[in-house]
Amino acid sequence: MIFATAGHVDHGKTSLIQAITGVNTAHLPEEKKRGMTIDLGYAYWPQQDGSSIGFIDVPGHEKFLGNMLAGVGGIQHALLVVACDDGVMAQTREHLAILRLAGCQKITAILTKADRVDEKRITQVIQQVQDELHQQGWSDPVLFVTSANNGCGIAELQAYLQQLHQEATDHQNPQQRFRLAIDRVFHVKGAGIVVTGTALAGQVQLGESLWLTGVDTSVRVRGIHRQNQPAEFAQAGDRVALNLTGDVDKAEITRGDWLLSEKPFAAATRVIVELKCDSVIKHWQPVHLYHGASHITGRVSLLTEFATTPLLAELILDTPLWLADNDRLIVRDISARETLAAARVIRLTSPRRGKRLPEFIDWLQRLCSANDELTHLKLQLPNGELNLKSYGWSRQLTPSALEPLLTQVELVRVGDLVLSAFKAQVAKERLVQTLEDFHEVHSDQIGVSKARLKRMALPTMSESLVFKLINELIVDERIKQTRGWLHMPQHGLVFDAEQQRIWQQIVPLFPRIDAWWVRDIAAELNQDENLIRGVMKKAAQMGFVTAIVRDRYYSSDEIKQFAELILRYCLEKEEICAADFRSELGIGRKLAIQILEFFDKSGFTRRKGDGHFLRDKGIFAE
């Protein structure tokens, strides 16, 4: 079990820990010289059962509050230290406020320096401490009166802490990924780099690989000290020292870096949070933000009125942070003199527009009250496709926890992308309607490629999901695929007898280097122009010919040859221009441009400047 101290400067926190454990946590020369804690200190108290009780000694001076905040992250039980001669002081109240806002639910009050005052003063300070704790939300706290000088109350306090340690429940949540915020890094001769921190979630095993955020690389765990003792594993709630090996130097690791079980999805720059305020926060107010062992600045953009519950806001971070859902940040004013609020992360991304729309605010409020993973997942699915890598990171769920969750809802899934069954059906209807609309406008074309239909109907949805929906539509026979072209089942069909007779006369006219106009075919065969136009449209629907512009046709075999030429050029030179195409085919510039523009519209190529670049080689060329 880990305990963290809290309290005003010079109230005897370090001396108390030394009296309990025999360890002086002051490790910096300046700390020993000034008799004041500046940085985090650590002590371990070995127990008879082989376990160990850990203590984090935090600085009490206001100037070093950032170090204090780095020490209390993930702590479940705090020791509030109040000197009997001074009583409750400014930093006593602020440390209590920070513990409350950080979500620390358990606290034990310890009065120190009892040998310096009389019983009347002790009674007064006990009342002060109890009143302050009650005011800040802790009811009936356990309180001890001690003196490190004469040992008064120390034995009773030790027995109480040992009892808490024995009763402590396992903090490990098997569904959560391992996370550790680094607060110290040093080099051990013969071992190498060692980092320390409090494990906030999950479990790590000896020999495992972890992701180190500061260097953005993978490292291997060569050794583990858990509660200051060698171990095969460490887990949430433990004070951990990890001996790391990998392509990294000590100088590259700093306080605030993270060790994570997997490579993180993305660092957060704008997040939506729920605020619990001790003071009024104004819209666009600059603030200091503390998370894990990190300290940055940013701004608060209020999304709802200050008196609203829950109070929602967007945090704009000056430096990206590795955040996850439900993480807590402590918010202090820009002068770093007052603690304003705690911010609980609700969403790791913030939309560029519409973040204050009533329907979006209502959805965020429902997210705030979601208290189980299934409810949270169901709230996400109506928004469209969900990236499981991103979602798993934001919820910090292991694959073994996420997969069973997905089986409890109806989904369409491709790899790491999922779509609710309802949204999938809406998307399918959109695909069918778009294809029908295309046939109405382009009745002389057999259809479109998968990629083009995706761009026309569902441009923002991931290609793999759209292709799966298209394949399901083909299986259900709601659309058909002919030689790679998608079309409605009733589109194309077959020639009637008269059309078949005319078509047999047209076939010998192809291939020809110069595209045929409908009027020229009619003149060549001495047939009515409208009759020829109808036959050519039907032939196009059946895939025999292709119109590069209205009423001007090539055979589909010629179009395929042109596509192969374009593909070869793009693979060799990355692009093809009208002059290249004209030269290769020996045709006029106008016709060359018409052909290339046809390929652009079909999605085979994309024009940029004078060049045409390959876009989807699977449409025409195999």
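Predicted model: local features only at pLDDT ≥ 70, side-chain atom pairs only at ≥ 80, totals over all residues.
Nine of the 10 residues of strand S8 (residues 192-201) are buried, so this strand is largely enclosed by the rest of the structure.

**Strand S8 and its partners**

- On one side of the pairing, strand S7 (residues 179-188) runs antiparallel to S8 and is joined to it by nine bridges, with Phe186 standing opposite Val194 of S8.
- The hairpin made by S7 and S8 has three residues between the strands, and within this hairpin Gly190 takes a positive phi near 90°.
- S8 is also joined to strand S14 (residues 239-245), again in an antiparallel arrangement, through six bridges, and here the bridge partner of Val194 is Asn243.

**Helix H15 and its surroundings**

- In helix H15 (residues 518-525), the buried residues are Val518, Ile521, Ala522 and Leu525; seen down the helix axis, these buried residues of H15 fall within an arc of 100°, so they line one face of the helix.
- An α-helix has 3.6 residues a turn, so residues three or four places apart point the same way.
- Ala523 and Glu524 are exposed on the other side of H15, whereas the buried residues of H15 pack against helix H14 (497-506), strand S27 (516-517), helix H16 (529-541) and strand S29 (552-555).
- Just after H15, the backbone at Asn526 takes a positive phi of about 60°.

**The sheet of S27, S29 and S28**

- Three strands form an open sheet with antiparallel pairing, in the order S27-S29-S28; its edge strands are S27 and strand S28 (545-549), each of which pairs on one side only.
- S27 and S29, both of which are packed against by the buried residues of H15, run antiparallel to one another and are joined by two bridges, and the bridge partner of Trp516 in S29 is Tyr553.

**Helix H10**

- In helix H10 (residues 399-406), Ala401, Leu402, Leu405 and Leu406 are buried; seen down the axis of H10, the buried residues fall within an arc of 125°, so they too line one face of their helix.
- The face of H10 turned away from this buried side carries Pro399 and Ser400, which are exposed, while the buried residues of H10 pack against helix H8 (373-380), helix H9 (388-395) and strand S23 (411-414).

**Aromatic pairs and charges over rings**

- The structure holds 11 aromatic pairs, among them the edge-to-face pair of Phe562 and Phe581, for which the computed geometry is 5.9 Å centre to centre and 80° between the planes.
- This pair links distant parts of the chain, with Phe562 in helix H17 (residues 556-573) and Phe581 in helix H18 (residues 578-585), 19 residues apart, and both Phe562 and Phe581 are buried.
- A single aromatic cluster is formed by Phe495, Trp503 and Phe544.

Note on methods. Residues numbered from 1 in each chain as written. Heavy atoms only, no water. Buried < 20%, exposed > 50% of the residue type's maximum accessible area, 1.4 Å probe, protein only. Helix = DSSP H or I, 4+ residues; strand = E, 2+ residues; numbered from the N terminus. Arc of directions from axis to C-beta. Contact = heavy atoms within 4.5 Å. Pairing = 2+ DSSP bridges. Phe/Tyr/Trp six-rings, centres within 6.5 Å; stacked < 30°, edge-to-face > 60°.
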